[in-house]
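Grab a pencil and work through these exercises with the model open beside you. Try each task before you read the solution.

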Amino acid sequence: MNYAERLENVAVLGAAGKMGSGIVLLVGMEMADLGLKPENRSKKYVLHAVDVSHPALSGLMKYLREQVRKAAEKRIVALRKVYADRADLIENRDIVEQYAADVLDVIRPVTILEAAAEANVIFEAAPEDMELKLRLLTRVASDSPRQPWVFTNTSSIPIQEVDAKARLEGRIMGFHFYNPPAVQKLVELIRGQATRPEVAEFAEALAKSLRKTVVPASDCAGFIGNGHFMRDMLHAFSEVERLGRELPFVQAVYAVNRVSQDFLVRPMGIFQLVDYVGLDVCQCILRVMDPRLPGQNLRSPLLERVLGQGVKGGQNHDGSQKDGLLRYEKSRPAGVYDPEAKRYAPFSEFQADCDKRLGPLPEPALPWKAAVKHPLKDKALAEFFGKLEGLKTLGSELARRYGARSREIGLKLVSDKVARSADDVNEVLLTGFYHAYGPINEYFSERVTP
Amino acid sequence: MTTTNKPRRKVFVTAGCNTISMGSGRKEFHPKKPRPGLEDYIQEAGRAVLKRIGGAKNVDEGVIGNFMAGRFNSQGNLAALIPSIDEGLMFKPCTRVEGACCSGGLALISGIKSVLAETAETVLCVGVEVQNTVKALYGADILATAGWSRERKAGHAYFFPGKFSDRAGAYFAKYGRERTRKAMARWYRGAVENARLCPTAQEYHNSVKDLEAQALVEPNPRSFVEHLNVFDCSKVSDGASAIAIVSEEGLKAAGIPKNEAVEVVSWGQVEADLTRPPDDLTRLETTRRAAEQALMSAGITVNDLATVETHDCFTIAGILAAEALGLAAPGEGPDFVLDGHTARGGRIPFNTTGGLIGWGHPTGATGVHQAVTLLEQLTGKAGASQIELSPKRPYGLSINMGGDDKTVVAVVYRKG
């Protein structure tokens with residue numbers, strides 16, 4: 001079965017979720033594109049979009065209609081050639097509508113899991129819960145006569161474990177898209193110990209065809225992306241606790257969040273990122289990583305506490321940010337959750353005080369947006385961080401500790417052989433997290449943890 | 001035989017007005033926020049003219065040039081929007097004319113002919129287009145109707161950029177690419193620099209420092225056309241222009257002194273066959289004929305022109321127009337531009353408020369906009385964009401083109 005044949009029948013489990021819907025979009029378009037090639041016209045491409053509820057699947061179809069149209073608009077020059085032999089499709093609008101129809105024609109939204117049993121390829125994008133994933137895969141993949149290949153979008157669970165427990169005999173691989181899959185260029189590919197070479201070959205071919213930037217990661221809980229992000233987040237929580245001895249809690253959260261954005265020249269503060277991913281999702285990931293990486297204490301009582309109070313973050317259907325550790329106004333942070341008072345304290349109550357305590361940014365300022373577009377980015381960053389080092393302020397101290405910790409985490413991922421190289425770690429942070437610079441750099445060199 | 005179009009009666013244009021050319025580049029423009037509609041633009045431009053000519057009572061007739069409101073705005077019967085400008089225009093005769101991007105030029109000619117026929121002493125002439133109602137790639141479908149419909153299927157997604165990309169490609173092949181591309185970038189720079197002097201221009205807010213470097217970015221045929229980048233193209237614009245076309249009596253009735261008007265000395269109006277491809281992609285033959293007809297009718301040569309407003313829907317069209325006018329020999333248009341002859345302060349300044357690339361290209365309004373610009377320049381009312389005038393060269397020429405060099409109107413004006 002070649003690439004085009006294998007993609008004739010595909011299933012996506014958890015299709016209506018944040019990651020699943022993006023995977024349906026990308027893979028659905030890839031299948032439609034194959035189907036439009038003259039040599040494949042006799043094939044019938046089918047993608048079973050499996051999820052638990054009809055309302056969620058309706059939402060998926062609406063999302064797909066909008067996104068496919070947008071994608072077709074971007075690709076109009078090429079699509080006119082694809083439909084060159086269709087005399088009835090004349091204007092760009094005709095072509096965009098036809099392409100949207102052709103992609104949607106591939107998608108079968110279903111709530112019946114068994115529909116996936118006829119697939120050659122299964123993308124698993126269920127919530128980050130080992131038991132759930134095993135239940136699903138056991139039902140549709142383990143004993144299926146089709147012997148489907150499984151690509152799990154897990155961002156933390158070791159592939160080998162899933163393989164063994166779901167009895168997949170090497171027909172599985174980690175194919176970790178970043179959020180949102182349609183936009184994010186990065187894909188982490190993770191081979192389990194028994195992953196078959198032909199499965200890996202297919203994954204690489206697909207990633208290439210989707211024009212993704214591929215970084216291979218070893219099969220170690222959390223891989224590279226969450227291996228860095230979770231430890232980075234835990235450092236932020238421990239800094240909040242440390243600062244909390246001198247500052248009110250909400251100010252400590254504000255300070256660490258601001259330092260991790262403005263002082264470290266990152267696209268958003270660490271707690272904003274935690275809210276974006278969802279506190280519940282972070283918790284799931286920690287629960288996967290902690291027991292599998294003993295002695296590293298990958299836990300946060302603070303995270304558990306606020307989650308216990310129902311503070312979750314994540315996004316609304318329209319992509320807007322839900323309140324989490326921070327409160328948002330027009331998707332911009334505007335307050336901090338106080339677990340004692342069980343309310344959000346608005347920035348206005350303490351921002352000026354707290355900013356004063358942190359001290360000024362180095363001059364000239366280097367906002368993240370300016371840094372990523374800077375023609376001499378490395379030089380500008382070196383200058384900025386050089387000046388930061390000279391500032392004897394709380395902000396500078398927190399930032400240097402933070403940058404140094406991030407570097408340590410990155411280096412550990414290399415020494416633990418989770419990543420092949422420092423470049424791979426940096427690529428994941430640059431591409432997957434939109435950082436302006438990789439964590440393994442020359443800007444921060446001191447040690448934070450003993 | 002060439003027809004001569006020298007009026008038997010004096011015809012003037014006066015009291016011209018342009019709205020802002022709205023679209024990307026203007027600070028006020030937000031693609032997702034509600035914007036003024038077709039009628040708002042018509043009314044704004046029309047009312048400004050009425051105010052200067054003593055009101056609607058002095059208007060005998062209205063004419064409106066528009067290309068494709070039927071598709072951009074789901075609006076037909078545009079003549080009936082003229083009375084919405086002013087109660088006093090109710091029940092007066094009005095006409096809508098269409099000739100693609102030359103609709104404004106045809107509106108001028110229509111008004112001029114009415115004054116010559118003595119069926120009107122004063123014609124209110126409006127040009128309008130509101131195009132930001134659809135995304136650029138769907139706008140391209142609509143604009144493509146200026147070409148032959150049977151060519152659409154085989155045409156590029158961005159049909160007209162595709163047509164002029166083919167022209168640029170043919171020109172590169174015949175005369176060399178590097179120097180031509182440099183001249184195209186120079187044309188872009190001139191357009192934007194002139195637009196910065198005109199507050200209604202779409203590129204008025206443009207603050208890019210090295211415009212030529214920006215315009216030299218390599219074309220990307222995967223997302224656009226083979227031989228042009230986006231800086232080689234006029235933008236999507238919303239806007240209207242209006243002007244009064246008057247006889248001497250009309251001018252008197254309006255109480256406007258002659259030095260605030262310019263005389264329509266002559267014109268050229270030429271139509272080519274929509275179903276026939278150009279004989280030579282490196283020439284604008286229809287444009288050449290229209291300009292020749294206008295200049296011959298006026299009994300002047302290009303050397304008598306103080307300034308030219310030409311239809312630079314694409315940078316290459318600006319260069320080809322310089323050749324069509326005989327200012328440069330075939331293949332030497334790029335040198336003419338690179339030597340600074342078309343620049344402000346050059347031998348013959350072109351498009352002094354930015355032209356289609358710098359001022360904007362609300363398609364159906366463009367021909368009227370050119371008349372307003374020449375009126376302002378020749379009467380010394382062009383504000384910051386004013387060029388120096390020599391009494392030896394009192395003429396201005398406009399060239400308005402519809403489609404791929406199919407419908408062309410050229411008009412010669414003289415200081416009143």
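**Exercise 1.** Count the helices and strands of chain A, then decide how compact the chain is.

*Solution.* Start with the count: this predicted model has 18 helices and eleven strands in chain A. Next, take the radius of gyration, which is 23 Å for chain A. The globule rule gives 22 Å for 450 residues, and the two values are close, so chain A is as compact as a globular protein of that length. To finish, look at the burial: 46% of the 450 residues of chain A count as buried.

**Exercise 2.** Work out the strand order of the eight-stranded open sheet in chain A, and find its edge strands.

*Solution.* Walk across the sheet and you get β3-β2-β1-β4-β5-β6-β7-β8 of chain A, with mixed pairing. Now check the two ends: β3 (107-110) and β8 (213-217) of chain A each pair on one side only, which makes them the edge strands. From one strand to its neighbour, the turn is 25° on average, ignoring direction. Zoom in on one pair: β6 (residues 172-177) and β7 (residues 186-191) of chain A run antiparallel and are joined by five bridges. Within that pair, Gly174(A) has Ile190(A) as its bridge partner in β7(A).

**Exercise 3.** Is Ile157(A) buried or exposed?

*Solution.* First, locate Ile157(A): it sits in the loop between β5 (149-152) and α7 (159-165) of chain A. Then count the other C-beta atoms within 10 Å of Ile157(A), which gives 25. The cut-off for buried is 20 or more, so Ile157(A), with its 25, is buried. Beyond four places in sequence, the contacts of Ile157(A) include Met130(A), Ala221(A) and Val288(A).

**Exercise 4.** Which strands of chain B pair with β9(B), and over how many bridges?

*Solution.* Take one partner at a time. Strand β6 (residues 261-271) of chain B pairs with β9(B) over nine bridges, in the antiparallel sense. Strand β8 (residues 395-402) of chain B is also antiparallel to β9(B), with eight bridges. Now follow Val411(B): it is the bridge partner of Trp267(B), and Ser398(B) stands opposite it too. As for cover, seven of the nine residues of β9(B) (residues 407-415) are buried. Finally, look at the hairpin of β8(B) and β9(B): four residues lie between the strands, and Gly403(B) has a positive phi near 70°.

Terms used. Residues are numbered from 1 along each chain as its sequence is written. Chains are lettered from A and ligands numbered from 1 in the order in which they are written. This is a predicted model: local features need pLDDT of at least 70, side-chain atom pairs count only at pLDDT 80 or more; totals for chains, interfaces and linings use all residues. Two strands pair if DSSP finds at least two bridges between them. Axes are lines fitted to C-alpha atoms, for helices over the stretch in contact, and angles run from 0 to 180 degrees between N-to-C directions. The radius of gyration is taken over C-alpha atoms; the globule rule is 2.2 Å times the number of residues to the power 0.38. A residue is buried if 20 or more other C-beta atoms lie within 10 Å of its own, exposed if 12 or fewer, and partly exposed in between; C-beta atoms are placed from the backbone. Two residues are in contact if their C-beta atoms, placed from the backbone, lie within 7 Å.
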